[in-house]
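Below is a short briefing on a predicted two-chain model. It goes by topic.

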Amino acid sequence: MTRLKADTVTSVIALAVAGYIAHEGYALDLGTASNPGSGFILFWTGLVMAGLSTGVLIGSLIGSGPTFSLGSVFQDSRWGKVLYVVALLVVHAALLETLGFVITTFVLLVVLFKTVEPQSWGVSLAGAFLTTAAAWGVFVAWLGTQLPTGMFEIG
Amino acid sequence: MDVFSSLWLGLGVAFQPINLMFCFAGVFIGTLIGVLPGIGPVAAMSLLLPITFNITPEAAIIMLSGIYYGSMYGGSTTAILVNIPGEAASVITCLDGYQMARQGRAGPALGMAAMGSFIAGTLAVIGLMFLAPTLAMFAVKFGPAEYFSLMVLGLTILVWLSQGSILKALIMACLGVVLGLVGIDSITALPRLTFDKMQLIDGLGLVPIVMGLFGIAEILVNIEQKLDRQIFEANVKGIMPTKKDWQQSAGPIARGSVLGFFLGILPGGGAVIASFLSYALERKLSKTPERFGKGAIEGVAGPETANNAAAGAGFIPLLTLGIPPNVVMALLLGAFIVHGVQPGPLLMIQQPTLFWGVVASMYIGNVMLLVLNMPLIGLWVQLLKVPYKILFPMILLFCVIGAYSVSNQVFDIYLMLGFGILGWLMKKYGYEPAPLVLAFVLGPMLENNLRKSLILSQGDFMFFLERPISATCLILAVLLLVSPLLPMFNQKRRELATDEG
């Protein structure tokens, strides 16, 4: 099976986005050259972007310049760790207002310290505690940043 | 009011205890993030932007400016001791700085970097002080066509200097313009690309986008690859350069200051390009170019001077024209707007205390940096020994706090994470974030000035070419975009190509 070239795929995605932008601009109201409407810039930027994406697409198809396959950038990479960290941050954000900044942050940090580049329990717990306390001290107590206290009203 | 009376007024503002404190905080944090690889001035400034909401505009801008020029100082420490640039403008310092460290001359390298940075930083502020009022008087005559064309030129230069494909950089710039237009249209009040989401009515936030593309993406890249840092273990002694060092460095410092200053003013230019060009210039002028790359002190003095001069000069287009020449200044423009201040030709008339207070604070900040850097180098060395696996959860946490605290919305954290993944993928597939961010900030201004110009000219596009400044900017932009088609220019572009982030 032929491996998909990275530029082919990314330019097709960019082309689709450009098409959507141009369509949205057209649907809004183009106005006239002497009185441009809300969609004027969107429409023309979308068209320009579509032209540029087509240029990248053609370049990738005729093979001008360096090309690499879509999946090659993930070889020898720890991309699973990346997705894992992002997933942890999504869960943290989802629970932030319910459980509050202090609890969610402490748990997030323990899990990050313990699982991404595994540390001992002592380092993980102490690191999480000190970082949470320092962040709360600086941002909430000193700078007056409003961070959620959650249902337990901690912090 | 003449320049010196204005400076006196500014010193009065800058010496207020609260402003002194924020100036110190700015340069200290700037040095810190300059020292630490993996977080640059853009991410640090966007992180701290929300916490400036509760302070005066003067204190906020003084602190954020301090972070920028402070990071230029700090970046050299990591480059010299660890051979990893703390931020992009110190990439070139690695070549000779690290070699000097290996030869037991880390002290003079660090000392010369700090002294050169101080001299250039101070000269840049003097240049800013004298050039800004003249430029502002000139800029008052600018109409929407000139502003539009100047912004187009700025974006084009940034795109031209991007690594890799110009087409991809232009795609990113287009995307940035579109993202900048999300929300209510200020003229017709029609919602654009809001997907019926209330959170998007006011548009996308600059902080979540910048933190995602520059902060989170950088951390994700680092998590993906195991970082193996070679820390320079020997004690750093004898920071003061010798008489011979000074003799060898005097020329590079003088030339670096001038070169950096003028490159810093140019839209799309910045500290990174200045440092690279300074290195190339010094190597070309040297009678012993073979020493470069093997521990020549000129290879540290020139680039470190140039990047600081450029950092100072970068404030000129922002403060006098209201146009940010690079991503850092785009963020600073965001800070001005958040505080209800519009930078531009009228800033020094309408807000003299703010304008001159910020300028004066840069003098003070440069002195603080010199005092901070020379004795605290030992502390920075210790800090470099903190493993990244301990640091990254803390940096992630600061990003989350920064994104949330802008408008106390969890939505902004999701937005930041989305742009973080996008930035991570963009790095992999050769799409650069800098044109996107600058275009995001300039997008609404571009649209506004284009629409005004077209209304004024009754739809005549020749209007842009009939006005000399506007025509010059547009012709330059077109020439830059066409130049990569010529092999000679394309080679030059690739040599200069840098990642401003």
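B:Met368 is part of helix 16 of chain B, residues 352-384; helices (H or I, at least four residues) and strands (E, at least two) are DSSP runs numbered from the N terminus. B:Met368 is classed as buried because it has 20 C-beta neighbours inside 10 Å. The cut-offs are 20 or more other C-beta atoms within 10 Å for buried, 12 or fewer for exposed, and anything in between for partly exposed, with C-beta atoms placed from the backbone.

The model is predicted: local features need pLDDT of at least 70 and side-chain atom pairs count only at pLDDT 80 or more, while totals for chains, interfaces and linings use all residues. Residues are numbered from 1 along each chain as its sequence is written, and chains are lettered from A and ligands numbered from 1 in the order in which they are written.

**Around B:Met368**
- Leaving aside residues up to four places away in sequence, B:Met368 touches B:Cys23, B:Phe24 and B:Val27; two residues are in contact if their C-beta atoms, placed from the backbone, lie within 7 Å.
- B:Leu179 is 189 residues from B:Met368 along the chain, and 39 Å separate their C-alpha atoms.

**Chain B as a whole**
- Chain B contains 22 helices and two strands.
- The C-alpha trace of chain B spans about 65 × 55 × 45 Å along its principal axes.
- Buried residues make up 60% of the 501 in chain B.
- Of the contacts in chain B with a separation of 6 or more, 80% are between residues 24 or more positions apart.

**Chain A as a whole**
- Chain A has five helices and two strands, in the order α-β-β-α-α-α-α from the N terminus.
- Chain A is more spread out than a compact globule, because its radius of gyration of 24 Å is well over the 15 Å that the globule rule gives for 155 residues.
- Its C-alpha atoms fill a box of roughly 60 × 50 × 25 Å along the principal axes.
- Of the 155 residues in chain A, 33% are buried.
- An automatic or database domain assignment divides chain A into domain 1 (6-74) and domain 2 (79-142).
- The centres of domain 1 and domain 2 of chain A, taken over C-alpha atoms, are 39 Å apart.

**Helix 1 of chain A**
- Helix 1 covers residues 6-28 of chain A, and its 23 residues reach 33 Å from first C-alpha to last, close to the expected 33 Å; the expected span is 1.5 Å times one less than the number of residues.
- Its buried residues include A:Ala14, A:Ala18, A:Ile21, A:Ala22 and A:Gly25.
- An α-helix has 3.6 residues a turn, so residues three or four places apart point the same way.
- The cover over the buried residues of helix 1 of chain A includes helix 2 (40-62) of chain A, and helix 8, strand 2 (191-192) and helix 18 of chain B.
- After helix 1 of chain A comes A:Asp29, with a positive phi near 160 degrees.

**The interface**
- In the contact between the chains, 47 residues of chain B meet 51 residues of chain A.
- Helix 17 of chain B gives the largest share of the chain B side, nine residues.
- The chain B side has 31 nonpolar, eight polar and eight charged residues; Ala, Val, Leu, Ile, Met, Phe, Trp, Tyr, Cys and Pro count as nonpolar, Asp, Glu, Lys and Arg as charged, and the others, Gly among them, as polar.

Methods. The radius of gyration is taken over C-alpha atoms; the globule rule is 2.2 Å times the number of residues to the power 0.38.
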